Each structure stands twice: as C-alpha cells, then as structure tokens.
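Subject: The structure you asked for

Hi,

Have a look first, then read on for what turned up in it.

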Amino acid sequence: MNNMFQDNINQLSLLAAAIILALTVWVAGKYIKQMKTDRSTGELADENWDGIGEYKNELPAGWAYTFLGTMIWAIWYWTTGYPVNAYSQIGEYNEEVAAHTKQFESKWANADKETLQAMGEGVYLVQCAPCHGIAGDGMGGKAADLSVWGSKAGVLDTIKNGSKGLGFPMGDMPAGLLSGDAAEKVAEYVANGMKGDQPAEFATCAGCHGADGKGMNGMAPDISTYGTPEFVKMVLEHGKKGFIGTMVSFKGRLTPIQEKAVGTYILSLSHND
Amino acid sequence: MFHWLEQRPFLFSVGVFLVIAFAGLIEIVPDFAQASRPIAGKQPYTLLQLAGRHVYIKDSCNACHSQLIRPFKSETDRYGPYSVSGEYAYDRPFLWGSKRTGPDLHRVGEYRTTDWHENHMWEPTSVVPGSIMPSYKHMFTQNADLETAYAEALTVKKVFNVPYDKPGFTKLGSWEEAKKQALEDAKKIAAEMKNQDVKDAVARGEIPEIVALIAYMNSLH
C-alpha cells in the first residue's frame, strides 16, 4: 500500500483524478444553478408539441462549423479516405510477407554450410519427413532412400533399375544399361561431379545426357550436378512419378534459399564427408 | 414541416433504419456477392470425389482437421496459399472446421499422394511415428455410397444451378453414365495403390470408401 503512493505515475494519476472530480462538481454546480435561475428569450416557432414550444434561435457558430466540417470530412472519407486507406487483412499479410522475405534473403544470402544444413533439417522435418521418414531412409520403400540417393550407390541404383517420372522430354531411362565394373566406374565418375578422366563406358550415357552430362539442353537431367543441391532443386521443381511412388512437386512452395538448404541437408545423409 | 412523417411512427422507424443501414448495405452486400462467386477454374466435385467427401463427413475428419488456411505467414509456409471464399462455392456444407488436432487439409492434394494416404489411413503411425490420428482400416473393405452422392449432385445441379454438364465443367450425366465415370476414376487411383483387396474390389466394379476418400483428398488444392 505504501509503495502505491510512492510511485510517481500513481501520484500523477491520483492528482489528475482529483482535478477531474473537482472540475466535474464545479461545472455541474454551475449548470444546475443556471437551470434554476435562467429565463429563456427569443421568438417562438409556430410548431407546438403538446404544449412544448421551440425558439427560433440561430445555431451556435461552433456547432455550425463542426457540422460543415463533418460534411466535408464525409465527402473525403467516401471518395478517398475509405477506398485508399482502408485496412485490409490481405494487405497486412502481403506487407508482412514482403518484409519477411526481404529480411530472410539478405540475412541468409551467404549462409555457410552448417547454417544451411540446420535450416534444411527444419524444412525437411516439416515438409519431407512424413514421406521420407525422420531419418530419411524412405521408411522401408515408401519413398526414395535419401541415405543412398545422391551418392555413388544412388547412381548405381539408377543404372541398375533405370529412372522414370521426372517429366523430361526424353522420357524414361531404361534399366540395366551397364553392369559390373563398367557400372562401378561410371557411377564413381558421375558421383564425383564428372571430374577427372571420363571413363570410356560413359559413351553409353552420353547418347542421352550429352558428353558433358549436361542433358542436351534440357532433354534429360543434367547429371553433372548429381549429388549437389542444384540437382535436388530440379527434383523439387519437377516432382517425380517413379517406380517407388509419387514425389510431389514443390514448385513455388519453398524459397530458393530453402531449396538449397534442404538439398544440402538431404545430401548430408548420403555423403559422409 | 415534417408533420406527415412525425405522425407515422412505423414509417418513420423504417426510414430511420434504412438511413442507418445504408452504409452497411452498400459496403457489405456487393462485396459478399462478389466473394462468394466461384473462383475462375473452380470445378464442381466429380461423383467419386463427392462420395469421398461424404466419407470425410461421416467419419468426422472435420472434428480434428480444418479446411481453412488463414492469411498468416506461418500458415501459408506450412500449407500453401491462404484460402479465399470463392473456393468453397461448391461445398455444401463447407468444412472449415474450428479445431486443429491435426493439420489443415485445404491444400493437402498438393503435397500428399495416393500411395501416402493409403499407408496413412491404414495405420497413421506407419508414416508419422508420433501420430494420434486413428486408423481407418474399415474404409478398405466398406464400399462408398455412390447413390447418395449422385442424389446430392443432381439436387445441387437442379436447385442451386451448380454448373454440372455445362461446357467446360465437370460432367455428371445420367446415373449410369456417372457411375461408369466414377468407376473409371476409381481404377486410376487403385492403380497407384498397393492393397490387393482394394485393387480386386475395384476390378470387380466396386468402389471401397478409401478410394473415394483419396479422390477427395487429391482434389483439395
């Protein structure tokens, strides 16, 4: 209780309350007295309601100006104020999203690998884990096993079983194009980003993917980026109706940074470096 | 001067009401009429989807799932673009829901697939380990009620002018035609499923509830 009166905001509020109270009493007293003693003057109007008449007094100037002002304000509000300045929930949403996107993009423009991986894990757990499993293993063949896909073993798997459903003009990739040693060599080469000497057996692949692996201008996937976030980005935009099941397209659902992040994360599952 | 008005209290009240309600009427009514119109490209449900919608209602999926994405960034990140009223033009009744024990489903067709629903409806914990959603195994044996779905489609077509059979819109046709089309749609879905009993049932010309429900889920986007 003591503290309450020591606080200067409270003191100020109490002072203000006291002043308002005093003013109210004074104003009310003044008008009550006026009502008792005042006599009305002026010319009476013709109308008469059950004995109650009305004076033909001029409107007080203050009222008249306020009334005029209200009319002007109403016209402004009707034509400009409401249509232009109206609050809109969607407008607020758009502003919020634009501001967030701008901040997000500048903040993470040069994110390092650890940051991308951490962000990617978040995206993965929300968007991808229901299908690929929390561990990314595809939950017993329900979706692609991401601890294999994207690595040399993934290329071997593609060579052995073929691939379909990414929607390239070339269509499907047939199964069993190479086997044994040849497959091993080519898989090693592709999984390492097609660096170093090209094995002769790659000729089998070059027919569709091009000698440089870049996919002949979009006819087939660019496998020179296999095992990088860029390839994952391509998968996310295309979706895939493959042998395992349907992978949905994420076109427009993730920002470029999020795509890169989730790509970095899932590739960390198959690359143990 | 205003005697004629002041002497008629009822007329006067009506007048006062109109004057006060005027702003509300011209601001709300046209906006409402505009917003409740179907958005461009919106199609009425096919017979199979409608039967699936009945399964959804019958099993009270809406007790745990909403179908209304609000314009907040946290929601649009998770579920996709926010919902607009014209998207519900053919929903009778709408299934906005008011409780989210599970996630919103208004755009689930964009990020879940036939094979995923099959696993999930059979046993939710097989794909989402911590899920508290019940499993719906009975849908794999019980058949969907196409008759009721057809009756509803025909009713909304006749009574509410839902544009079935108009050029560029979902075809409904006669009961025989509609049933044939529904079976064809069901075959496409069954082809992407793994459950052999369901595949056999569809091959026999039956439509298990799960097939109709998946058709409905896939139509939500």
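Let's start with disulfides: the count over all chains is zero. A disulfide is a covalent bond between the sulfur atoms of two cysteines. Keep in mind that this is a predicted model, so every value below is computed from it. Take Cys131(A), which is in no disulfide: the nearest cysteine sulfur belongs to Cys128(A) and is 8.5 Å away. Cys208(A) is partly exposed, at 35% relative accessible area.

Cys208(A) also turns up in the surroundings of Met170(A). You'll find Met170(A) in the loop between α6 (152–161) and α7 (180–191) of chain A. Leaving out residues up to four places away in sequence, Met170(A) touches Cys208(A), Met216(A), Met219(A) and Ala220(A). Met170(A) and Cys208(A) are 38 residues apart along the chain, yet their C-alpha atoms are separated by 7.8 Å. Met170(A) is partly exposed, with 31% relative accessibility.

Now compare that with Gln67(B), in the loop between α3 (47–58) and α4 of chain B. Buried or exposed: which one is Gln67(B)? Its relative accessibility is 0%, so Gln67(B) counts as buried. Its contacts beyond four places in sequence include Tyr56(B), Tyr88(B), Trp96(B), His106(B) and Tyr216(B).

On the surface of chain A there is a nonpolar patch to look for. Leu12(A), Leu15(A), Ile19(A), Leu23(A), Trp26(A), Val27(A) and Tyr31(A) make it up, and together they have about 750 Å² of accessible area. One of them, Val27(A), sits in helix α2 (residues 8–37) of chain A and is partly exposed, at 34% relative accessible area.

Next, the place where the two chains meet. The contact involves 25 residues from chain A and 24 residues from chain B. About 2200 Å² is buried between chain A and chain B, and carbon and sulfur atoms give 55% of that. Three residues, Tyr93(A), Lys142(A) and Arg253(A), supply 25% of the area that chain A buries against chain B, more than any other three residues. How many salt bridges are there between chain A and chain B? The count is one, and the side chains of Lys241(A) and Glu192(B) form a salt bridge, at 3.1 Å from N to O.

The whole structure has 15 of them over all chains. Glu209(B) is buried, at 4% relative accessible area, while Lys58(B) is partly exposed, at 48%.

Another salt bridge in chain B pairs Arg204(B) with Glu206(B), at 3.5 Å from N to O. Arg204(B) is exposed, with a relative accessible area of 56%, and Glu206(B) is partly exposed, with 30%. There is also a network in which Arg70(B), Glu75(B), Arg100(B) and Asp104(B) are joined by salt bridges that share partners.

Most residues other than glycine have a negative phi, and most peptide bonds are trans. Which residues go against this? Asp165(B) has a positive phi, near 65°. Asp165(B) lies in the loop between α6 (146–159) and α7 (175–191) of chain B, and it forms a salt bridge with Lys157(B), the closest N and O atoms being 2.9 Å apart. Asn217(A), not a glycine either, has a positive phi of about 55°. Asn217(A) is in helix α9 (residues 215–218) of chain A and counts as exposed, at 81% relative accessibility. Finally, the peptide bond joining Arg92(B) and Pro93(B) is cis, with omega about -5°. Pro93(B) is in the loop between α4 (73–79) and α5 (114–122) of chain B.

Happy looking!

How values were computed:
Residues are numbered from 1 along each chain as its sequence is written. Chains are lettered from A and ligands numbered from 1 in the order in which they are written. This is a predicted model: local features need pLDDT of at least 70, side-chain atom pairs count only at pLDDT 80 or more; totals for chains, interfaces and linings use all residues. Side-chain values use heavy atoms; hydrogens and water are left out. A disulfide is a pair of cysteine sulfur atoms within 2.5 Å. Buried means under 20% relative accessible area, exposed over 50%, partly exposed in between (1.4 Å probe, protein chains only). Patches are made of residues with over 30% relative accessible area and no salt bridge: like charges are joined within 9 Å, nonpolar side chains (Val, Leu, Ile, Met, Phe, Trp, Tyr) within 5 Å. Accessible areas come from the Shrake-Rupley method with a 1.4 Å probe; for residues, only the protein chains shown count as cover. A salt bridge is a side-chain nitrogen of Lys or Arg within 4 Å of a carboxyl oxygen of Asp or Glu. Helices (H or I, at least four residues) and strands (E, at least two) are DSSP runs, numbered from the N terminus. Contact means heavy atoms within 4.5 Å. Buried area is the accessible area (1.4 Å probe) that two parts lose on being put together, summed over both.
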